[in-house]
Amino acid sequence: MVESLMAGTLAGTGSFRCGECGYVVTLAAEDALPDCPTCGGREFERASLFGAPPGGRFVRDAPPERGADEQEAWLRRARALAPEPGEYLAMEQDGDVRLVPLTREWTRIGRSLAADVRFDDPTVSRRHALLVRQADGVRVLDDRSLNGVFVNGERVDWRVVSDGDEILVGRYRLTFLVVSKVREPAT
């Protein structure tokens, strides 16, 4: 007979979401449930990979939306950094634009040390998303993440992405770019 470990401060194995701020802690075996490291809250509920969180959406502290003109300028700046034609993920990091070339069939995004695009942040799952390059296009797949993958603001399990599509992974905003021509350096 399996005994439940849900009594007292013992929570059992699994992921638990803070009822106040949405922070997720993952416990193993007979770990005690801590106070929330983000807000100090003490009310947790078991997190589910299959059900919607309270309120229907996860709380994500994503960068503020850019206006249309600002977004267009940012995209021009990102494209100008491309060293050669190809497909890229563009993101802002410490005020700078960072480009990640997509050269392999699979690109892993997550918190894991094995991820190709790694974010050391609790809003990102160890195995959060995959970008898959195939002859008919590039797809983004949710790799069983807890907080989900969003393309242009819509939560997706998988989606073909197009040039300029915005992919939200945890609190990180990534933009899929297809660069067909490289701008010649000014002389």
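**Entry 1: the five-stranded sheet**

I began with an open sheet of five strands, whose order I read as E7-E6-E8-E9-E12, with mixed pairing. At its edges I found E7 and strand E12 (158-161), each of which pairs on one side only. I noted that this is a predicted model.

Next I looked up E8 and E9. They pair in the antiparallel sense, over six bridges. Within this pairing I picked out Leu 130, which stands opposite Leu 141 in E9.

I then went to Asp 136, which I located in the loop between E8 and strand E9 (137-142).

The side chain of Asp 136 has a polar contact of 3.0 Å with that of Arg 139. I also checked Asp 136 against Val 160, which lies 24 residues apart from it along the chain; their C-alpha atoms are separated by 9.2 Å.

**Entry 2: the six-stranded sheet**

I wrote down its order as E5-E4-E14-E13-E10-E11 and its pairing as antiparallel. The edge strands are strand E5 (96-101) and strand E11 (154-156), and each of them pairs on one side only. On average, neighbouring strands of this sheet are turned by 35° against each other, with direction ignored.

What packs on this sheet? I found helix H1 (residues 68-80) there, touching strand E4 (86-93), E5 and E14. The direction of H1 makes about 60° with that of E14.

How many bridges join E4 to E5? I recorded six, with the two strands running antiparallel. One position I looked up is Tyr 88, whose bridge partner in E5 is Pro 101. The hairpin of E4 and E5 has two residues between the strands, and there Asp 94 takes a positive phi near 55°.

I also looked at strand E10 (residues 149-151) and strand E13 (residues 166-169). These pair in the antiparallel sense over three bridges. Val 149 stands opposite Val 169 in E13.

**Entry 3: the aromatic pair**

I searched for aromatic pairs and found one in the structure.

I then compared their accessibility. Phe 119 has a relative accessibility of 5%, which is under 20%, so it counts as buried. Tyr 172 has a relative accessible area of 23% and is therefore partly exposed.

**Entry 4: the whole chain**

The chain has one helix and 14 strands. Of its 187 residues, 37% are buried. The chain exposes about 11,400 Å², and carbon and sulfur atoms supply 50% of that area. Among the contacts with a separation of 6 or more, I noted that 38% come from residues 24 or more positions apart.

Conventions: Residues are numbered from 1 along each chain as its sequence is written. This is a predicted model: local features need pLDDT of at least 70, side-chain atom pairs count only at pLDDT 80 or more; totals for chains, interfaces and linings use all residues. Side-chain values use heavy atoms; hydrogens and water are left out. Rings of Phe, Tyr and Trp (its six-membered ring) pair if their centres lie within 6.5 Å; planes under 30 degrees apart count as stacked, over 60 as edge-to-face and the rest as tilted. Buried means under 20% relative accessible area, exposed over 50%, partly exposed in between (1.4 Å probe, protein chains only). Helices (H or I, at least four residues) and strands (E, at least two) are DSSP runs, numbered from the N terminus. A polar contact is a pair of N or O atoms within 3.5 Å; within protein, one must be able to donate a hydrogen and the other to accept it, and residues adjacent in sequence count only if both atoms are side-chain atoms. Two strands pair if DSSP finds at least two bridges between them. Axes are lines fitted to C-alpha atoms, for helices over the stretch in contact, and angles run from 0 to 180 degrees between N-to-C directions. Contact means heavy atoms within 4.5 Å. Accessible areas come from the Shrake-Rupley method with a 1.4 Å probe; for residues, only the protein chains shown count as cover.
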